[in-house]
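Dear colleague,

I am passing the structure below on to you, and my notes on what was found in it follow directly after. Please read them alongside the coordinates.

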Amino acid sequence: MKNSISLLKKNIQFTLAILLLFFSCSDDSSNDTNTIVSDTNTIVSLKSEFASNLNKIIEGKQISFTEKSEGEPTSWSWTFEGGTPATSNEKNPVISYSEQGTFKVSLAVSKDDASETIEKENLIDVLALFDENEVPETQLCKLDKIFTNDYVDIGFPNNGPSSSLGQVNIQVLFVDFPDAVASQTTTSIFNLLENINTEFYEEMSYGKMEINLLPYRSWLRLSSVSSQYAESLNSSSGHLSFIQEAVDLADDQVDFSDTDIVLVMSNPDASEIEYGPTFGSLNDSFAINADGNSILTGITSGFDFNYWGGIWLAHEMGHSLGLLDLYPYSNSNNHRYVGGFGVMGIQSGKAPGFFAYERWLLGWIDDSQIYCHSEGSITIEIQELATEGGIKALSVPLNSNRAILIESRKKKGFDSSMRKEGALVYVIDTSVPRGQGPLRILQNSNTGSMKENAPMIAGDIYTYQGVTIEVIESKSSSDIIQVTIQ
């Protein structure tokens with residue numbers, strides 16, 4: 001009886017083993033075409049996947065596709081709607097797109113008898129680039145002048161006391177004081193001015209303005225101590241008297257009949273005169289007079305010349321042309337509006353070049369070089385500011401005195417020391433007084449204390465008051481941007 005029971009147990013165990021083997025073998029993996037059994041007996045699902053280096057391009061550009069499938073497929077079958085070629089069996093193809101539109105991409109992968117397909121709708125956005133021969137009317141983007149009683153402004157038309165076109169003759173005089181006798185030569189001071197300013201305005205104006213500095217290389221001794229003149233600089237009439245005294249002292253030796261601007265360089269060691277401002281007038285009866293000429297602009301230097309150097313004059317010349325200060329007049333966070341951009345913001349900035357809007361205001365950029373965009377979406381290539389020609393900025397008017405502008409800043413010319421290149425976005429508001437931020441750089445986060453990281457590069461997107469700016473492509477001498485107004 002015991003042997004029979006033992007035999008029965010063995011038969012049951014054998015039967016169970018056979019059944020387990022049967023069910024294990026009948027786990028029909030052939031019904032699942034997306035499953036691959038590897039050499040190590042681990043099961044890896046076949047899964048089709050891919051990525052592209054770009055999703056938004058300009059007509060005629062290429063996109064690289066990279067296969068990222070799982071399960072180690074051995075063959076690939078791509079389909080590219082709108083692409084050339086339209087199909088490919090390469091693992092990682094490169095495809096051209098020559099027509100505007102939004103297109104899908106599909107990839108079928110296979111290995112042995114298994115296969116899988118993935119399709120991505122609306123994956124590729126091909127944009128048509130704006131035709132430079134179709135620049136719209138710019139009048140909407142010429143912001144109204146608000147402070148009409150001031151010769152410095154940021155609205156149209158510009159009415160600076162000095163011309164921004166052609167040759168500008170600047171008579172340079174050097175003065176010292178009974179309590180601050182000059183120890184430096186006039187030549188050493190003049191050399192700090194000449195090269196920087198002639199080259200600066202040659203680049204900024206694209207050759208449309210020529211600075212002609214004419215030095216009278218002798219020290220002129222003024223009649224009063226330096227502190228008295230420092231006090232006079234607080235008023236326009238006092239400043240005019242200061243300049244006129246220097247002109248009168250030099251009048252026997254200097255012909256002022258063709259002078260456009262008088263530049264009075266104070267002894268740099270005269271610490272009582274802390275800074276050097278610009279005198280400007282729009283009235284011939286309130287002007288510097290010499291040799292029958294009413295000179296509407298005068299510039300004087302101060303002790304700050306010792307640390308600004310020659311670029312100081314580039315800033316003050318901007319005032320004579322009608323440009324206003326872009327730095328805050330309050331003491332806190334002194335360069336929060338434009339950072340290190342623009343010489344009217346800070347003379348020691350890494351990108352002192354004038355903004356495109358300022359150059360347009362001064363007549364150095366033509367209306368045909370500003371794209372005034374007021375509705376819908378546009379894709380456009382903005383040429384760098386440092387060289388002449390091409391579209392220099394896109395402007396989106398928000399109202400009659402406010403606009404967004406986008407320009408292209410590159411490490412060239414006087415901007416060669418800037419930290420980051422790219423599309424620079426800023427807003428102009430002509431109703432904001434000087435010293436309170438009439439021009440403000442718009443930025444994403446982490447731009448740095450001097451906004452050195454504010455320029456946008458390919459892939460960056462920024463939205464301000466319903467206007468979205470996206471950089472499609474960053475090039476060595478331009479930026480391609482898409483601007484969409486909601």
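A residue is called buried here when its relative accessible area is under 20%, exposed when that area is over 50%, and partly exposed in between, with a 1.4 Å probe and protein chains only. By that definition Asn401 is buried, because its relative accessible area is 15%.

This is a predicted model, in which local features need pLDDT of at least 70 and side-chain atom pairs count only at pLDDT 80 or more, whereas totals for chains, interfaces and linings use all residues. Residues are numbered from 1 along each chain as its sequence is written, and side-chain values use heavy atoms, with hydrogens and water left out.

The whole protein

Helices (H or I, at least four residues) and strands (E, at least two) are DSSP runs numbered from the N terminus, and the protein has 7 helices and 27 strands. Of its 486 residues, 50% are buried. Where contact means heavy atoms within 4.5 Å, residues 24 or more positions apart account for 65% of the contacts with a separation of 6 or more.

Helices H2 and H4

The expected span of a helix is 1.5 Å times one less than its number of residues. For the 19 residues of H2 this gives 27 Å, which agrees with the 27 Å between its end C-alpha atoms; H4 (residues 236-250), with 15 residues, reaches 21 Å from its first C-alpha to its last, close to the 21 Å expected. Buried residues of H2 include Phe190, Leu193, Asn197, Phe200 and Tyr201, and among the elements that cover the buried residues of H2 are strand S12 (166-176), strand S13 (209-221), H6 and H7. Tyr206, which follows H2, has a positive phi near 55 degrees. In H4, the buried residues include His239, Phe242, Ile243 and Val247.

The crossing of H2 and H6

With axes taken as lines fitted to C-alpha atoms, for helices over the stretch in contact, and angles running from 0 to 180 degrees between N-to-C directions, the axes of H2 (residues 186-204) and H6 (residues 311-320) come within 8 Å and cross at roughly 45 degrees. That makes H2 oblique to H6, since angles under 35 degrees count as roughly parallel, over 145 as roughly antiparallel, 65 to 115 as roughly perpendicular and the rest as oblique. On the H2 side, Leu193, Ile196, Asn197, Phe200 and Tyr201 meet Ile311, Trp312, Leu313, Ala314, Met317 and Gly318 of H6.

Asn401 lies in the loop between strand S21 (393-399) and strand S22 (402-409). Leaving out residues up to four places away in sequence, Asn401 touches Leu143, Asp144, Ile146, Ile428, Asp429, Thr430 and Ser431. Asn401 and Lys142 are 259 residues apart in sequence, yet 8.3 Å apart in space, C-alpha to C-alpha.

Gln369, in the loop between helix H7 (356-361) and strand S19 (370-372), counts as buried at 11% relative accessibility. With residues up to four places away in sequence not counted, Gln369 touches Trp364, Gly389, Gly390, Ile391, Lys392 and Ala393.

Thr259, in the loop between H4 and S14, also counts as buried, at 6% relative accessibility. Apart from neighbours within four places in sequence, Thr259 is in contact with Asn169, Gln171, Asn293 and Ile295.
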